[in-house]
Amino acid sequence: MAKQNFIGLVISQGKMSKTVKVRVQTKAYDTKVHKEVIKRKDYLVHDEGNLCKEGDIVRIQAIPKISARKYFAIADIKINKGQQFALYESLAKEKVAKEATEKIEQFLERRKEYENTIVQVEDLKTLDKLSNTFQSDPSADREFLLSEINAIKEKYNIKSWPSTEPVLKLEVNEAAKDLTILQNRVDNIKIILEKLMSEEYASHRQQILSDLSKTPVEELKPFTQKNILRKFILDPRNECPVTL
């Protein structure tokens, strides 16, 4: 007599030793609704080698009862979806750990740069103080002051003090440059908008508005026209008729 065989999905694993829960779906004709319906049944299945993972498609086969609820065993693993998921999970954990390590390294590097910047600022303050003392206090030990000043100047390759060249590369300087560039761009857009709204560029304005708006140009209010024209200017694919 052939033993019972089912194909099912492993829905739970690791809660009991050498045991997995497998869900089997079967179709049955329901006389009440007069159509086929899907029925699901869960089995506790013996997994001798603890090989199955959640998500695996397996074939289970009837065996002599091991316990009151366990009378099937894993006969074959059809698709190792659970194994693949476990692999993806381990790779994801490695990636997260690597990214966390990189972020920590970047943070430590930024902190080191910040600490170095503080040291440099303190050295420059000292240089400024020594220079003022050297120039204003005749009773000071000028030889000692001069040696200290030269040591700091040599450390940062400063030719003269006060220096007309940048000594420290600070992030705030880069941010100020970016802000200046952004402000210049905003000013340029305002100038272009004003020109497009003038009578000199009326034909260009009419053409742009008619292409981009479904509403007739005559019905568009000035602020709406400006918004449409601003979008046109900001789109790098468009060729602006106004030159600065």
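The structure is a predicted model, in which local features need pLDDT of at least 70, side-chain atom pairs count only at pLDDT 80 or more, and totals for chains, interfaces and linings use all residues. Residues are numbered from 1 along each chain as its sequence is written, and side-chain values use heavy atoms, with hydrogens and water left out.

The structure contains 4 aromatic pairs, counted when ring centres of Phe, Tyr or Trp (its six-membered ring) lie within 6.5 Å; planes under 30 degrees apart are stacked, over 60 edge-to-face, and the rest tilted. Phe6 and Tyr43 are stacked, at 5.7 Å centre to centre with 20 degrees between the planes. Because Phe6 belongs to strand 1 (residues 5–16) and Tyr43 to strand 3 (residues 35–46), this pair ties together parts that are 37 residues apart in sequence. Helices (H or I, at least four residues) and strands (E, at least two) are DSSP runs, numbered from the N terminus. Both Phe6 and Tyr43 are buried, a term for under 20% relative accessible area, with exposed meaning over 50% and partly exposed in between (1.4 Å probe, protein chains only).

Tyr43 also pairs with Phe72, this time edge-to-face, at 4.9 Å centre to centre and 65 degrees between the planes. Since Phe72 sits in strand 5 (residues 70–79) and Tyr43 in strand 3, the contact ties together parts that are 29 residues apart in sequence. Tyr43 has 11% relative accessibility and therefore counts as buried; Phe72, with a relative accessible area of 1%, is buried too.

Turning to the helix, Leu91 lies in helix 1 (residues 81–136). With a relative accessibility of 43%, Leu91 counts as partly exposed. For residues 97–124, UniProt lists "coiled-coil region" in an unreviewed entry; its positions are given in the numbering used here, feature names are shortened, and annotations may be inferred rather than shown by experiment.
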